[in-house]
Amino acid sequence: MHSLPSHVKIVAVLSFVLVVVSTPITYWPAFVGFLILVIASSLAGKISLLTLSKRALIEVPFIFFAVLMPFVGTGERFELGPFNLYRDGLLAGLSIVAKGTLGVLSAVILSTTTTAREILRGLERLRLPLIMVQIASFMLRYINVISDEMERMRIARQSRGFDATGIKHWKVIATSAAALFIRSYERGERVHLAMLSRGFDGELPHTEVKSVGYSAWLRALSIPAFALLISIFFRMNG
Amino acid sequence: MSNHPSLLINNLAFAYPDGNQALYGVNLRVEKGERVALLGPNGAGKTTLVLHMNGIHQTMQGEVFIAGEKVDSKNKDSIRNIRSKVGIVFQDPDDQLFMPTVGEDVAFGPYNMGVRGDELEAVVDYALKLVGMSEFKDRPPHHLSFGQRRRVAVATVLAMKPEILVMDEPSSNLDPASRRELADILRSLDVTIVMVTHDLPYAHELCERAVILSGGIIVADDKTESILKNEKLLGTHRLELPVGFTLS
């Protein structure tokens, strides 16, 4: 799985997610099938389930509202233990949590088996507008430089006896953020000068395209294809 | 072509759009294979001068020639050629190294010059070898030390096989060992070098000849040794040898 070309993996993940979101939540056995598929591909990619679930925790803030959905809304209500829930809300909430989790899990598998650089290359091959790929790759390159700079500014603040503890310190933080912004902007100008000096004329080098064999596509796309079969099967028998 | 000087600047003057004049008639001639130190206090116009050498700043008055070819920032074809001949190494390697890996960054310049495929690969390997950074080809720049990043920055312009290498403060922020390693590399290169610096011992170590740019003009042009021995001249232009340093 690590060796598959990144654009093939991106297409596979996207189509898997597409199948998942277009399956209604009421066919819940299909979702069990999807989960099994995800776990199987994770194991095939030698990603431990612990790593997988740890990295998927990033989803938590996003599903927060989905968890609230059964408690607010209109329509039919029913009792579940101590709770009085809305049926539609519960279904919608469940749907978001289940589909969201499956999407995040497959994205985690993609990002664990592929470097950020490779993902960008893949997006470039999938004809994502070049300007977006370039912006993302500059971000990738400079995020460390800028976070180091931010860290140095924080240490310099602390060394002069400042610790951000409450709302009254926000002004200082905001000023630092502004300074960081100006510095990054100026760095951007210097980078541009350096690029011009090496003959930059608006186009970044392309990566040379190596054609990908059918077997790679077949292997990668077997997962969403299998998901599609599961979805159709349970719909016909549901 | 071969008897043209690498760099020839005639009576170059320049003012920024805000009216702030930086250069007041600079004359400078650098022969092929020479290593010249460009000394001068902060704000003397050193960076402005450097950015004229490859046509980033458009000349207002005067002319700049690189190996006999006039720098004309309006002529797109010629300026591409000029930029491949003038390799500028900027002071902060993080400004210069922006591609995801060292190898891709070194490839950036030659790629812009139309080099592709195996030839591109070969030129990248050649440039990295010159600065002793071959084994770092696939590493992202932010994983390297500052000294290593500066060496890669040198490689990124060497890959363009420049006529003249222009370095802005090459020794700044380097630890003594990196400083010496860089000096060894620079000495081993068969290329004209203009080195902008305040580091007078470094200028002495590497450059036979030195010029002082102060107040937008060249105020001195001589053997580095005689310039550095002239304390009065140095003092007038806010330059000083480090305490305890004597020329041997």
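The crossing of α2(A) and α5(A) is left-handed. That is my starting point, and please remember that this is a predicted model. Helix α2 covers residues 28-44 of chain A, and helix α5 covers residues 87-113. Their axes come within 10 Å and cross at roughly 15°. Angles under 35 degrees count as roughly parallel, so α2(A) and α5(A) are roughly parallel to each other.

Which residues meet there? From α2(A), we have F31(A), F34(A), L35(A), V38(A), S41(A) and S42(A). They meet A98(A), L102(A), L105(A), S106(A) and I109(A) in α5(A). By class, the contact of α2(A) with α5(A) has eight nonpolar, three polar and no charged residues.

Now chain B, and the sheet. Four strands make an open sheet in chain B, ordered β2-β1-β4-β5, with antiparallel pairing. At the edges sit β2 (21-30) and β5 (69-70) of chain B, each pairing on one side only. Look at β5(B): two bridges join it, in the antiparallel sense, to β4, residues 61-66 of chain B. Here F65(B) stands opposite K70(B).

Last, helix α4 of chain B, residues 102-112. Is this helix mostly covered or mostly open? Mostly covered: eleven of its eleven residues are buried. Among them are the charged residues E104(B) and D105(B). V106(B), F108(B) and Y111(B) are buried too. What do the buried residues of α4(B) pack against? Two helices of chain B: α5 (117-130) and α6 (146-158). After α4(B) comes G114(B), with a positive phi near 95°.

Technical notes. Residues numbered from 1 in each chain as written. Chains lettered and ligands numbered in written order. Predicted model: local features only at pLDDT ≥ 70, side-chain atom pairs only at ≥ 80, totals over all residues. Pairing = 2+ DSSP bridges. Buried ≥ 20, exposed ≤ 12 C-beta atoms within 10 Å, placed from the backbone. Contact = placed C-beta atoms within 7 Å. Axes fitted to C-alpha atoms, helices over the stretch in contact; angles between N-to-C directions. Parallel < 35°, antiparallel > 145°, perpendicular 65-115°, else oblique. Left-handed = near helix turned anticlockwise from the far one by under 90°.
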